[in-house]
Amino acid sequence: MHSTIAPQKQDLSPHGWPVRNQLLAAFPTADRQRWLPHLECISLSCGQVLYETGSTPAFVYFPSTAAVSLMSLTRDGASAELAVIGHEGMAGIAMLSGGSVMFSQAVVQASGQAYRLRAQVLQAELQRPGPTLSLLLRYSLSLMANVAQSALCNRYHSIDQQLSRRLLLGLDRSDSAELAMTQEGVANLLGVRREGVTAAALKLQQAGVIRYRRGQIFVLDREKLEQRACECYGSARKEHERLLPRLQLLPTPVPRAPRRAWPGALSLAT
């Protein structure tokens with residue numbers, strides 16, 4: 001059961017409407033007035049499972065400072081990330097197509113806040129044609145394009161390229177250049193062996209692109225990280241901007257590298 005918390009001031013407009021989630025922020029005024037009484041600001045914890053594959057959700061989620069991974073799981077416990085959702089979108093898009101069963105597991109990748117809405121309220125709103133319905137459907141297409149791009153990336157590109165791409169996806173959905181990620185966690189997201197992630201991360205650190213310690217990756221040079229990523233990152237981003245030009249994924253400014261030494265800098269802990 002999620003705990004309800006009071007909305008943070010920086011997450012609200014003067015009229016009480018969430019602005020940290022870009023999808024909600026793009027709603028027309030009339031629709032905002034209908035949705036606002038039903039939106040609940042909650043805190044999400046890293047590792048929290050929002051949906052299981054095949055489940056019927058009670059809520060959909062609009063992250064503001066949290067990030068949610070859509071995961072595909074095998075019977076023997078192997079996994080791979082299909083897409084990541086942050087302040088640009090919504091978790092629970094199966095509801096937009098009239099379905100009630102989730103096609104993947106949704107698990108919180110980065111703790112933070114989100115707004116949740118009862119699924120039955122969303123279903124009622126979907127009966128109203130107009131700009132909000134169009135916006136939600138275009139977001140659904142954008143997310144599906146990301147899922148398709150992830151499948152292509154996992155099949156054809158190196159672990160080094162996949163890791164660079166995943167770090168960029170995290171930066172786009174974070175207010176910080178420091179990402180909370182463990183070696184085992186990254187391996188589960190990419191669907192690869194942990195040893196491959198360790199080797200790829202070491203290459204990035206030796207090139208001055210990142211610095212990492214136990215469970216933390218600090219991006220030092222975003223430009224170099226983009227150069228090392230495959231074309232999948234740019235392709236998915238362009239498709240998002242084509243479908244949702246008002247919902248830009250703004251890159252996180254990367255600050256200067258800290259001068260202090262980081263203990264355990266050559267080992268990503270599990």
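**Exercise 1. Determine the strand order of the open three-stranded sheet and identify its edges.**

*Solution.* Step 1. Strands are DSSP runs of E with at least two residues, helices are runs of H or I with at least four residues, and both are numbered from the N terminus. Two strands count as paired if DSSP finds at least two bridges between them.

Step 1. β1 (40-44) and β3 (59-63) each have a single partner strand and stand at the edges, so one side of each lacks a neighbour in the sheet.

Step 2. From one strand to the next, the twist averages 40°; axes are lines fitted to C-alpha atoms, for helices over the stretch in contact, and angles run from 0 to 180 degrees between N-to-C directions.

Step 3. Five bridges join β3 to β7 (residues 112-118) in the antiparallel sense. Phe62 stands opposite Tyr115 in β7.

The model is predicted: local features need pLDDT of at least 70, side-chain atom pairs count only at pLDDT 80 or more, and totals for chains, interfaces and linings use all residues. Residues are numbered from 1 along each chain as its sequence is written, and side-chain values use heavy atoms, with hydrogens and water left out.

**Exercise 2. Characterise the second largest cavity by volume, lining and residue class.**

*Solution.* Step 1. On a 1 Å grid over the protein atoms alone, a cavity is a set of points where a 1.4 Å probe fits but cannot get out, whereas a pocket is an open set with protein on both sides within 12 Å along at least five of seven lines; lining residues have an atom within 4 Å of a point. Points are joined across faces, edges and corners, and a volume is the space filled by probe spheres set on them.

Step 1. Three cavities of 30 Å³ or more are counted.

Step 2. Two or more lining residues come from each of β5 (79-85), α4 (131-156), α5 (159-172) and α6 (183-190). The largest share, four residues, belongs to β5. The lining includes Glu81, Asn146, Arg165 and Leu189.

Step 3. By class, six lining residues are nonpolar, three polar and three charged. Here Ala, Val, Leu, Ile, Met, Phe, Trp, Tyr, Cys and Pro count as nonpolar, Asp, Glu, Lys and Arg as charged, and the others, Gly among them, as polar.

**Exercise 3. Describe the second largest pocket and its lining.**

*Solution.* Step 1. The volume of this pocket is about 310 Å³.

Step 1. Of its 14 lining residues, Gln109, Thr182, Glu184, Gly185 and Asn188 lie nearest the centre.

Step 2. β6 (105-110) and α6 each give two or more residues to the lining, and α6 gives the most, with four.
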